[in-house]
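Notebook open, structure loaded. I wanted to look up how some strands pair and what surrounds one of the helices.

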Amino acid sequence: MQKSQLSSRQRANDYLVVVAHLHLPMIPFSLLAVVLVCGIAGADGLAGCQISCGATSEKVVGDVTWVPDAGRFVGVGNATDLKSPGVLPVLSSLRYFPDTSARKYCYVVPAERKRKYLVRTTYFYGGFDGGGAPPVFDQIIDGTRWSEVDTAGDYARGLATYYEAVVLAAGKEVSVCLARNAATKSSPFISALEVSPLEDSVYNSTDFESYALSTIARHSFGHDGSAAVSYPPGDRLNRFWEAHSDGMPVVESQASVSPAAFWNKPPEEVFRRGVTAAGRGESLELQWPPAPLPAASYYLALYFQDSRAPGPLSWRVFDVAVNGQTFFAGLNVSTAGSMLYGDRWPLSGRTKITLTPAPGSPVGPVINAAELMMVVPLGGRTHPRDVIGMEALARGFDSTPPDWAGDPCLPQGNSWTGVTCTQGPLARVVALNLTNFSVGGSISDGIANLTAVSSIWLVGNNLTGAIPDMSLLHHLVSLHLENNRLTGVIPPSLGNLPRLRELFVQNNTLQGMIPSNLKNRTDIMFQYAPGNNLS
């Protein structure tokens, strides 16, 4: 198996994309396997989703079942199989999204509210559209524009690309969306999606209510390119630990380590090897990660273990510095292992980690593994009440626009078609306009949750059923429901809305009496004819 090192991508708008590249024909099946089957609890009581995009049936790879995506997680896009020889089963199909009218294309995955998840997206172009190069596009988690996907260079070298982030589920779902941007020339696509739960202690110093973590690098030191740790049987939290070696002296561990003793639960396998200094009393300098970094705050975790057999002298003492700045002084590392972390560490450009032994130390410093993640501010979210209301409308409607999934308002520029929202960290829906969208179904009672909306235009569709109660919509100014097939009566509560100035319901099949509080209001433009059977 051959693994290339990590590389970084960066756009002018400061999206960060640092990706690991997989050399497809030589990856063992286990490298693309994950610990849990979607919707089924594993032995450790967790549950997760491993989704093979575009697949028509389940794919069993090692101990893991990958499930198809259609209907259960995504309702838009087209599925296709690749004809590339030697591609792993999980990468042999994909889903692509040719509809240029949609503002985003979303997968919605069930989640446990307020739980952390590792989200991984995987892309292998395979020339599915007959083009010479894969498209460039954005990916979004919930309301945050996460990164740009640009796999052209990787594909030219026969590589697939994956991206990782750690996020907190604000509700009972996590949405992962693709979206076109100014550089998009053809249809966005995706090969695989994994959403794996993490234990509470993992990366727990991060304020996930305000930030996400975007994986930059995760390496197990002392290994060459033919080794990596993943599940099975390594990391049960579904993290990939890339092999990394710069020709430094390698040490083999003589003692076992208990992952449960560490907040981040690193797999025991990453402690089995490490790198050390060339001679006694010398410092160890590690240029890591391999790629230069844009200026930002990062979560940095370092893992150490004294490699010698347990005994009264099986410990090492050394200082740890990052780019010449003290990260920790006097670290005492035993055979039980140690972990250091910094949750908002400023980095930019090339990064150098220096381990300096204490004076008179009989052995040099050692390091076994490291993780680096960018701290990404969240882009906000839509008010939960509005999310409830919009999702209720989506369930009640037939043939909604293709982008009616994920966050209704965010990111800015990627709201649902016909939905206008306020800006800010907690967006509110202020207008809904689906005029002449051929929407069927009925108007859900959940529309009453849109308490900030001022304009609702559902003109010229195929809506049936009754006009729901809107007595809580105190900001509503304009309500247009004309040219549908609505039945029942006009709710008297509409006459009590203090800001209502336009009410158009003509060309429906409404019946009954016109509410007196509407007839008597002179500040409302009220049109109910032709059509209807009102008196």
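This is a predicted model: local features need pLDDT of at least 70, side-chain atom pairs count only at pLDDT 80 or more; totals for chains, interfaces and linings use all residues.

I found an open sheet of 3 strands in the order 6-7-14, paired antiparallel. Strand 6 (78–81) and strand 14 (189–190) are its edges; each has a single partner strand, so one side of each has no neighbour in the sheet. I then checked the contact between strand 7 (residues 93–96) and strand 14: antiparallel, over 2 bridges. Arg95 has Ile190 of strand 14 as its bridge partner.

Next, strand 27. I asked myself how many of the residues of strand 27 (residues 369–377) are buried. The count is 8 of the 9, so the rest of the structure largely encloses this strand. Strand 16 (residues 211–221) pairs with strand 27 in the antiparallel sense over 9 bridges, and Thr215 has Met373 in strand 27 as its bridge partner. Strand 21 (residues 293–304) also runs antiparallel to strand 27, over 6 bridges; there I noted Ala301 opposite Glu371 of strand 27.

Last, helix 2 (residues 384–396). I checked its length: at 1.5 Å a residue, 13 residues should span 18 Å, and the end C-alpha atoms are 18 Å apart, so the two agree. Which of its residues are buried? I listed Asp386, Val387, Gly389, Met390, Ala392, Leu393, Ala394 and Gly396. What covers the buried residues of helix 2 includes strand 28 (381–382), strand 29 (397–398), strand 30 (419–421), strand 31 (426–427), strand 32 (429–433) and strand 33 (440–441).

Terms used. Residues are numbered from 1 along each chain as its sequence is written. Side-chain values use heavy atoms; hydrogens and water are left out. Two strands pair if DSSP finds at least two bridges between them. Helices (H or I, at least four residues) and strands (E, at least two) are DSSP runs, numbered from the N terminus. The expected span of a helix is 1.5 Å times one less than its number of residues. Buried means under 20% relative accessible area, exposed over 50%, partly exposed in between (1.4 Å probe, protein chains only). Contact means heavy atoms within 4.5 Å.
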